[in-house]
Amino acid sequence: MSETNTKRELGRGESVMAGVYRLRLPLPWPGVPHCNAWAVAAGDGVVLFDTGMHQPGSMAHLERALQMCHLRVEDINLVVCTHAHSDHYGQAATIVERAGCELWMHPNYQHMSQWAQDTDAAVARRLEVARQSGVPEEPLRRYAEQRKDHDSGIAAVIEPDRALLPGVTIATDLGTWTVHETPGHAPSHVCLFQPERRLLISGDHLLGRISLFFDYGFSPDPVGEFVNSLDVVERLGARLCLPGHGRTFTDVHAHIEGNRKLVAERSERVLAAMAPEPATAFEMVPRIYDDIPFSPATAAWLLMETLSFLLHLQVTGRAIKIPGEPERWEPA
Ligand SMILES: [Zn+2]
Ligand SMILES: [Zn+2]
């Protein structure tokens, strides 16, 4: 992990088609070296879709990436966030302040603001969930320690000037973009679609490298919402996807199918991990993810994903939660 942290990349910008720029911004996360912000020409400036994460020196990476496309922060006339995760929203406050523009984002961003505004309370809630899920005291203590000086990656929590809901449109030189709610990865997630060119700005809902992440604890069934959101995006018939991480890709349908398949497979694995006897979520994790090392770096993410699948199986009547300290699960 330390190697990834020290081997920092620089912000880089490139044109992917006339009037569309990919700004590739570095991240400090193991296995996720960078994220994309997309600048789309609009009048005498650009609309910026997503912002990169706020870290020491991160605005310099954005400036560098913009400069490679002959753009400046002052050219940004609107910031639109696909969702309120730090790598897509973290620099919004700084950019909006400097460019003097508006921020548009979906209103369900409490998953971010609660965390950023009262991290202690959010960590305490997460620890309680982990304890209920059978995580022993020692790793819990270590997690709490780590989180204490964990940087949120968000410059400041600012409210959107406009709620990014269906019906809102975003005008650019490439045409108008429509808003499509795609919760699952995060409750605030939307995709932006340009119908004439069939371009999709997909945030983290659809990525070139299929991988799942669910913001657990803010909605009744994140996995179910994610699957519904795949249907929403499929109906759009996008030809080219501009994702939140990695390169653009064209085989959008195959990626949607790949995600559906992965969700179905994981669901089966989670069900199988409850046999032959009822198990806690913590006991199930290494049985489900035998290909991913269970380490302090991955534990919280794998536990949250497992809990999201358990909730989904419960909501769809396939698993039963047995109350207790800790809670255990059995097939329905
Ligand atoms: Zn995200
Ligand atoms: Zn992301």
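**Notes on the predicted model**

1. The largest nonpolar core holds 85 residues, and those with the most contacts inside it are Val79, Val80, Leu192 and Leu200. Such a core is a set of buried Ala, Val, Leu, Ile, Met, Phe, Trp, Tyr and Cys residues joined through C-beta atoms within 7 Å, where buried requires 20 or more other C-beta atoms within 10 Å of a residue's own, exposed 12 or fewer, and partly exposed a count in between, with C-beta atoms placed from the backbone. The largest share of this core, 8 residues, comes from H11; helices (H or I, at least four residues) and strands (E, at least two) are DSSP runs numbered from the N terminus.

2. This is a predicted model, in which local features need pLDDT of at least 70 and side-chain atom pairs count only at pLDDT 80 or more, whereas totals for chains, interfaces and linings use all residues. Residues are numbered from 1 along each chain as its sequence is written, while chains are lettered from A and ligands numbered from 1 in the order in which they are written.

3. Leaving aside neighbours within four places in sequence, Val80 is in contact (C-beta atoms, placed from the backbone, within 7 Å) with Val47, Phe49, Trp104, Leu164, Ile170 and Leu192.

4. The axes of H10 (residues 281-288) and H11 (residues 296-315) come within 9 Å and cross at roughly 105°; axes are lines fitted to C-alpha atoms, for helices over the stretch in contact, with angles from 0 to 180 degrees between N-to-C directions. That makes H10 roughly perpendicular to H11, a label used for angles of 65 to 115 degrees. Ala281, Phe282, Met284, Val285 and Ile288 in H10 meet Leu302, Leu303, Thr306, Leu307 and Leu310 in H11.

5. Glycine 90 is found in the loop between helix H3 (86-89) and helix H4 (92-99), and is buried, with 29 other C-beta atoms within 10 Å. The C-alpha atoms of glycine 90 and histidine 54 are separated by 4.9 Å, although the two lie 36 residues apart along the chain.

6. Two backbone features deserve a check: a cis peptide bond joins alanine 275 and proline 276, with omega about 0°, and the bond from glutamate 325 to proline 326 is cis, with omega near 0°. Most residues other than glycine have a negative phi, and most peptide bonds are trans.

7. Aspartate 50 has a positive phi, near 75°, and is buried, with 28 other C-beta atoms within 10 Å. Histidine 70 also has a positive phi, of about 60°, but is exposed, with 10 such atoms within 10 Å.

Terms used. Angles under 35 degrees count as roughly parallel, over 145 as roughly antiparallel, 65 to 115 as roughly perpendicular and the rest as oblique. Two residues are in contact if their C-beta atoms, placed from the backbone, lie within 7 Å.
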